[in-house]
Amino acid sequence: MEADAYIPLKVSFDVTQGGQPLYLRLRGELGGEAELKIDPVSGALVQVTVIDPPPEVDHAPAATSTSESENCVPVLDRYLWPWKRTPDYEEPVRRVIHQAAYLGMSGNQQLSYVEFSTGRAVGSYRCGPVVLGVSVQEELVNMVILSGER
């Protein structure tokens, strides 16, 4: 996890990339901007960067998980990106996709919290110091970063 005066939050996962990354740029409906960097081959989440802080939320889930692994890497579905497919290869038509989303953020000395949706997390996965909340459709809803375990 990184943060500075210009980037409020950056979380990187240990991923071997199979090519130029795909980007999902989320513009907050009430403000804020985040970028998810994804491996184009595996769909592995490489990095989450909060570029512009979204509105502060006054709630954060407990940092518990239903699945836990120190070495796991979240994998996202690549269906958002249109692909050019030929008999010899496939490549994304566009590497950057822009979407509106509900974004929120909060934090204290124990944890940082980022919301990507108004949906409710019904399950979660712990990947080292990061707990990812997912909806019933397995969509990413939120992320909790445990500060004491960086």
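Begin by selecting Tyr89 and Lys84: the side chain of Tyr89 makes a polar contact with the side chain of Lys84, at 3.4 Å. Please keep in mind throughout the tour that the model is predicted.

**Around Tyr89**

Tyr89 is found in a loop, the one between strand 6 (83–85) and strand 7 (90–92). Is Tyr89 buried or exposed, or does it fall in between? With a relative accessible area of 39%, Tyr89 is partly exposed, because that class lies between the limit of 20% for buried and that of 50% for exposed.

**The whole chain**

Next, select the entire protein chain and colour it by secondary structure. How many helices and strands does the chain have? The secondary structure comes to zero helices and 13 strands. Followed from the N terminus, the order of elements is accordingly β-β-β-β-β-β-β-β-β-β-β-β-β.

The chain exposes about 8500 Å², of which carbon and sulfur atoms supply 47%. Of its 150 residues, 41% count as buried.

**Glu35 in strand 3**

Select Glu35 next; this residue lies in strand 3, which covers residues 33–38. Glu35 has a relative accessibility of 16% and therefore counts as buried, the cut-off being under 20%.

The side chains of Glu35 and Arg25 make a polar contact at 3.5 Å. Which other residues does Glu35 touch, leaving aside those up to four places away in sequence? Besides Arg25, the residues touched are Tyr23, Leu24, Gln47, Val48, Thr49 and Ile51.

**The largest pocket**

For the last stop, move to the largest pocket, which holds about 740 Å³ of space. To find its centre, select Leu76, Glu138, Glu139, Leu140 and Val141, the closest to that point of the 29 residues in the lining. Then highlight the elements that give two or more residues to this lining: strand 2 (22–28), strand 8 (96–101), strand 11 (123–127), strand 12 (130–134) and strand 13 (140–146).

Finally, colour the lining by residue class. What is the division between nonpolar, polar and charged residues? The lining of the largest pocket has 20 nonpolar residues, five polar and four charged.

Technical notes: Residues are numbered from 1 along each chain as its sequence is written. This is a predicted model: local features need pLDDT of at least 70, side-chain atom pairs count only at pLDDT 80 or more; totals for chains, interfaces and linings use all residues. Side-chain values use heavy atoms; hydrogens and water are left out. On a 1 Å grid over the protein atoms alone, a cavity is a set of points where a 1.4 Å probe fits but cannot get out, and a pocket is an open set with protein on both sides within 12 Å along at least five of seven lines; lining residues have an atom within 4 Å of a point. Grid points are joined across faces, edges and corners, and a volume is the space filled by probe spheres set on the points. Helices (H or I, at least four residues) and strands (E, at least two) are DSSP runs, numbered from the N terminus. Ala, Val, Leu, Ile, Met, Phe, Trp, Tyr, Cys and Pro count as nonpolar, Asp, Glu, Lys and Arg as charged, and the others, Gly among them, as polar. Buried means under 20% relative accessible area, exposed over 50%, partly exposed in between (1.4 Å probe, protein chains only). Accessible areas come from the Shrake-Rupley method with a 1.4 Å probe; for residues, only the protein chains shown count as cover. A polar contact is a pair of N or O atoms within 3.5 Å; within protein, one must be able to donate a hydrogen and the other to accept it, and residues adjacent in sequence count only if both atoms are side-chain atoms. Contact means heavy atoms within 4.5 Å.
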